[in-house]
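Please consult the sequence and the structure shown below alongside the text.

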Amino acid sequence: MRQLSIIIVSWNVQSFLSVCLNSLQRACGDVDVEVIVVDNASIDGTREWLKEFERMVADEENHFLNRRLRVVLNDDNKGFAVANNRAMVFATGEFVLLLNPDTECID
């Protein structure tokens, strides 16, 4: 079991999401964390960016989120609550943090 599951719901926030995910690496330190991103059918390129980010992370053995990132793509906008509930199914952490995608974590 991981210490912390971080759930992020996204919808048309690619530029914010990029900053948020990259800031987690600096802020989480030694915490055993997993990140679950649920996209609510974005049309601004977020979905494509997430797919590419997920592939890049999986290929980079020394990346902070290697084997700790799960991307869930909804076919339509389910709303914030439903998207969080969908992510909870995958969460394995002792604690769960619901994090907005426009958050930049500071260490």
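Leaving aside its neighbours within four places in sequence, with which residues is R86 in contact? With those neighbours set aside, R86 touches V72, L73 and N74. The model discussed here is a predicted one. Its secondary structure consists of three helices and four strands, and these follow the pattern β-α-β-α-β-α-β along the sequence.

**Overall fold and dimensions**

- The C-alpha trace of the protein chain spans about 35 × 25 × 25 Å along its principal axes.
- The radius of gyration is 13 Å, which agrees with the value near 13 Å that a compact globule of 107 residues would have.
- Of the 107 residues in the protein chain, 42% are buried.
- When contacts between residues at least 6 apart in sequence are considered, 79% of them join residues at least 24 apart.

**Packing of α1 against α2**

- Helix α1 comprises residues 14-28 and helix α2 comprises residues 46-59; the two pack at an angle of about 25°, and their axes are 9 Å apart.
- Because angles under 35 degrees count as roughly parallel, α1 and α2 are described as roughly parallel to each other.
- The crossing of α1 past α2 is right-handed.
- On the α1 side, the contact is made by Q14, L17, S18, L21 and N22; on the α2 side, T46, W49, L50 and F53 take part.
- By residue class, this contact of α1 with α2 has five nonpolar residues, four polar residues and no charged ones.

**F16 in helix α1**

- F16 belongs to helix α1.
- Its relative accessibility is 46%, so F16 counts as partly exposed.
- Apart from neighbours within four places in sequence, F16 is in contact with P101 and D102.
- The C-alpha atoms of F16 and E104 are 8.3 Å from each other, although the two residues are 88 residues apart along the chain.

**R86 in helix α3**

- R86 is located in helix α3, which covers residues 80-88.
- With a relative accessible area of 36%, R86 is partly exposed.
- A separation of 8.0 Å is found between the C-alpha atoms of R86 and V38, which are 48 residues apart along the chain.

- A41 has a phi near 60°, a positive value in a residue other than glycine.
- This residue, A41, lies in the loop between β2 (33-39) and α2.
- A41 counts as buried because its relative accessibility is 18%, and the cut-off for buried is under 20%.
- R67 is not a glycine either, yet R67 has a positive phi of about 65°.
- R67 is placed in the loop between α2 and β3 (69-73).

Terms used. Residues are numbered from 1 along each chain as its sequence is written. This is a predicted model: local features need pLDDT of at least 70, side-chain atom pairs count only at pLDDT 80 or more; totals for chains, interfaces and linings use all residues. Side-chain values use heavy atoms; hydrogens and water are left out. Axes are lines fitted to C-alpha atoms, for helices over the stretch in contact, and angles run from 0 to 180 degrees between N-to-C directions. Angles under 35 degrees count as roughly parallel, over 145 as roughly antiparallel, 65 to 115 as roughly perpendicular and the rest as oblique. A crossing is left-handed if the near helix is turned anticlockwise from the far one by less than a right angle, and right-handed if clockwise. Contact means heavy atoms within 4.5 Å. Ala, Val, Leu, Ile, Met, Phe, Trp, Tyr, Cys and Pro count as nonpolar, Asp, Glu, Lys and Arg as charged, and the others, Gly among them, as polar. The radius of gyration is taken over C-alpha atoms; the globule rule is 2.2 Å times the number of residues to the power 0.38. Buried means under 20% relative accessible area, exposed over 50%, partly exposed in between (1.4 Å probe, protein chains only).
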